[in-house]
There are 2 protein chains.
Amino acid sequence: MSELVIKRFDSTQADFSEQMDQLLAWEAVSDDKVNQIVNEILKRVRAEGDSAVVEYTNRFDGTSVDHLAELEMSAERLQAALDGLPADQRKALEIAAQRVQAYHERQKGESWQYTEADGTMLGQKVTPVDRVGLYVPGGKAAYPSSVLMNAMPAKVAGVKEIIMVVPTPGGVVNELVLAAACLAGVDRVFCVGGAQAVAALAYGTETIPQVDKIVGPGNIFVATAKRAVFGAVGIDMIAGPSEILVVCDGKTNPDWVAMDLFSQAEHDEDAQPILVTPDADFINAVEQSIHKLLPTMERKEIIEISLRLRAALIKVKDLDEAMEVANRIAPEHLELSVEDPESLLPKVRHAGAIFMGRYTAEALGDYCAGPNHVLPTSGTARFSSPLGVYDFQKRSSLIMFSEEGASVMGKVASVLARGESLTAHARSAEYRIKE
Amino acid sequence: MSELVIKRFDSTQADFSEQMDQLLAWEAVSDDKVNQIVNEILKRVRAEGDSAVVEYTNRFDGTSVDHLAELEMSAERLQAALDGLPADQRKALEIAAQRVQAYHERQKGESWQYTEADGTMLGQKVTPVDRVGLYVPGGKAAYPSSVLMNAMPAKVAGVKEIIMVVPTPGGVVNELVLAAACLAGVDRVFCVGGAQAVAALAYGTETIPQVDKIVGPGNIFVATAKRAVFGAVGIDMIAGPSEILVVCDGKTNPDWVAMDLFSQAEHDEDAQPILVTPDADFINAVEQSIHKLLPTMERKEIIEISLRLRAALIKVKDLDEAMEVANRIAPEHLELSVEDPESLLPKVRHAGAIFMGRYTAEALGDYCAGPNHVLPTSGTARFSSPLGVYDFQKRSSLIMFSEEGASVMGKVASVLARGESLTAHARSAEYRIKE
């Protein structure tokens, strides 16, 4: 393989802005073939229910069951997975779960109301979603930490039932994933995956109950299916490849920064690790660390492709300009590896999660800091948020007019409704005006 | 036209549940032809910018401009529209705006943080979306109240720039809409519409700035375009036809209830007005009111089609069962036209907005109660909320580990990362463990 060259940029270059556009360009496209396959699967599962799910699962995952019920994992099986964990893993998972729960408790929205002088009451009632579907990928991308991160905010929100689906091709199950499901309070687990699992959750079958919202990552078939069922059920964001942006003042150990960049790069060949610093020498130092450490990494092939294709080392004028670049990128993970991260915080407008100070490795946030690791990717932090309790709660407006209030406001509504030629609206309001 | 027959249901019927499924079935489908047209428009506007928007607007809206800038409304023009309003309309619009603002101020999310015993800080930073695009339909469905309801939560959230697009086919502008835009603090207005307007907002052109989120209702081309650009920008819900569910104890004036049903029915032939009551006589009384009042309505043709196609009069056992039906339907508008609406409130699990008591006509909420009138339709209140300030804010997680905290949690993260075979994650965490 040719020598690893990582792209370098300098904010003083005339075409810096266009270069950034090019660096960041990313679009997940479901091609026509994928759309066609997914639409066929959705249609058949919707019409035929269990039998279609069984047929697809036998075909794609190599199972040979007659009834969908055979693919449900019992609560005892989940408990056995948890009980069977090595002590250090179980302890670590429990600490992570406790911290995730404690943080998310603070996100819980509460109902509120207020009463006006004439007795009219206005407010907002907050309620949990009834039932949530959690998609967990099989194979290499099956992360127990993701089970915690997706299931626990739903539990904190008060969701009554969480249905997890996870493909087990060739009958291979991931004990850590099952253990995490048990610990997080997942209610039922079905060993199905792909678009057929999404369809079953969205429409319901004889065996798999219809849910109100589907969350969790998956491959292109799962993502395409989620996008297609959006509206019939709620969905979370469609995630792109992971990214990290490290802003450094040049004084962090370059090995640390290199490893932090690796920790995103190892996820995926398309992952994007970026360093932004005003210190040109530091860029060289981090690059040296990269070359030194890369051969020692278990996932070096993935990391190298990510570095080659999508990484960037960006030299800026100062930390203020670094923050402008960060806001332009709106990264999923923003590490502020600087002396005084709190002074930079007011300048952050867009980021999924902000890791402050040299000790706050992004990897700590992935597992056990407390905040969620499901974060907006590909610049979507411009308009969206980490997965949270708020994703499993919804609001209803409350309006209770007093006789007096309805009379006064009836006149206002009447004028506006007649301005819009909606005279049934007007007359409905006018009925409430006192003689 | 044949006699108007409104469907009746009784919860004691054996197939009541299937009947409800049938009654509520609704699916907005963008057919292949619409998808094809929209995709072509999106592609061309993205590639060609202004010139494509100008070409489409000249073709579809009958304008004849050379430059997109000619289609921008000046701030003076908006102010003139506001100044030119009849006094009663201006006063009503101002009262509505004040009340909408006061209610939405209470929705504003605030940043928070807390520090753990070892000095580790966790938190959540709340920031506004930078720039929002507001789609306003031209023609019959152009509602000034909708301009207020979409723009004001964005302003309260702290959005710096709101770009409104509104088609003006044949050069026809709606003065009330412009006045509302002025009052709500909309920053720029372009007289373009359709998929080309959505594309311009999503991708930006030489003249129309790229936005971060697009909100507002539109026809099937607009809805299809919004769905397609989702991911590049945020979007609000894709709205279905409006619905109202009136739960009544049988003691409200049946004329009032009939008019409340009409006030949704007059929106749209597909709108769905439903009455649920334990009082069989009251169903007859409301039906009589409907027959009596319908001939007096300006929009009687639309109302009659809605009543014929989609309305329902549902007899239930008692108010508890009425609430079960309401939760099953998860209506956009839920009127609790009963003696003691507060006693029913704890039983409401899913509704966009709840109108409590006989005086709280749904129409009051549409204009000037304060809460938003952009609400989840077609049962999506199961998992989504009224448009609100929260739709224009996003959150970033904050994590700042102390040296001590990073060392303790580094060990936990290391165990979990190695359990997932993510060794760059593990080593990145391990660097922060104290010797």
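Start in chain B: select Tyr56(B), which is buried at a relative accessible area of 3% (buried is under 20%, exposed over 50%, partly exposed in between, with a 1.4 Å probe and protein chains only). This is a predicted model, where local features need pLDDT of at least 70 and side-chain atom pairs count only at pLDDT 80 or more, while totals for chains, interfaces and linings use all residues. Residues are numbered from 1 along each chain as its sequence is written, chains are lettered from A and ligands numbered from 1 in the order in which they are written, and side-chain values use heavy atoms, leaving out hydrogens and water.

**Stop one: rings**

The structure holds 11 aromatic pairs over all chains. Rings of Phe, Tyr and Trp (its six-membered ring) pair if their centres lie within 6.5 Å; planes under 30 degrees apart are stacked, over 60 edge-to-face, and the rest tilted. Select Trp256(A) and Tyr359(A). Their ring centres are 5.9 Å apart and their planes stand at 65°, so this pair is edge-to-face. Trp256(A) sits in helix α10 (residues 254-265) of chain A, and Tyr359(A) in the loop between β14 (353-356) and α15 (362-367) of chain A, so the pair ties together parts 103 residues apart in sequence. Helices (H or I, at least four residues) and strands (E, at least two) are DSSP runs, numbered from the N terminus. Trp256(A) is buried at 15% relative accessibility, and Tyr359(A) is partly exposed at 26%.

Phe60(B) is partly exposed, at 44% relative accessibility.

Next, show Tyr103(A), Trp112(B) and Tyr114(B): ring pairs link them into a cluster.

**Stop two: charges over rings**

Select Arg106(B) and Tyr114(A). The charged end of Arg106(B) sits over the ring of Tyr114(A), 3.5 Å from its centre (the rule asks for NZ of Lys or CZ of Arg within 6 Å of the ring centre and within 35 degrees of the ring normal). Then try Arg395(A), which lies over the face of Tyr390(B), 3.5 Å from the ring centre.

**Stop three: where the chains meet**

Show both chains. How many residues does each chain bring to the contact? Chain A gives 118 and chain B gives 120, where contact means heavy atoms within 4.5 Å.

Side chains of opposite charge can pair when their charged atoms come close. Between chain A and chain B there are 8 salt bridges (a side-chain nitrogen of Lys or Arg within 4 Å of a carboxyl oxygen of Asp or Glu). Select Asp130(A) and Arg349(B): their closest N and O atoms are 2.9 Å apart. Asp130(A) is buried at 16%, whereas Arg349(B) is partly exposed at 34%.

**Stop four: bridges within a chain**

Over all chains, the count is 50 salt bridges. Select Arg418(A) and Glu430(A), a salt bridge with its closest N and O atoms 2.9 Å apart. Arg418(A) is in helix α16 and Glu430(A) in helix α17 (residues 423-430) of chain A, 12 residues apart.

Move to chain B for Glu404(B) and Lys434(B), which meet in a salt bridge (2.9 Å, N to O). Glu404(B) belongs to helix α16 (residues 403-419) of chain B and Lys434(B) to the segment after α17 (423-430), so this pair ties together parts 30 residues apart in sequence.

Finish with Arg44(A), Glu48(A), Glu55(A) and Arg59(A), joined into one network by salt bridges that share partners.
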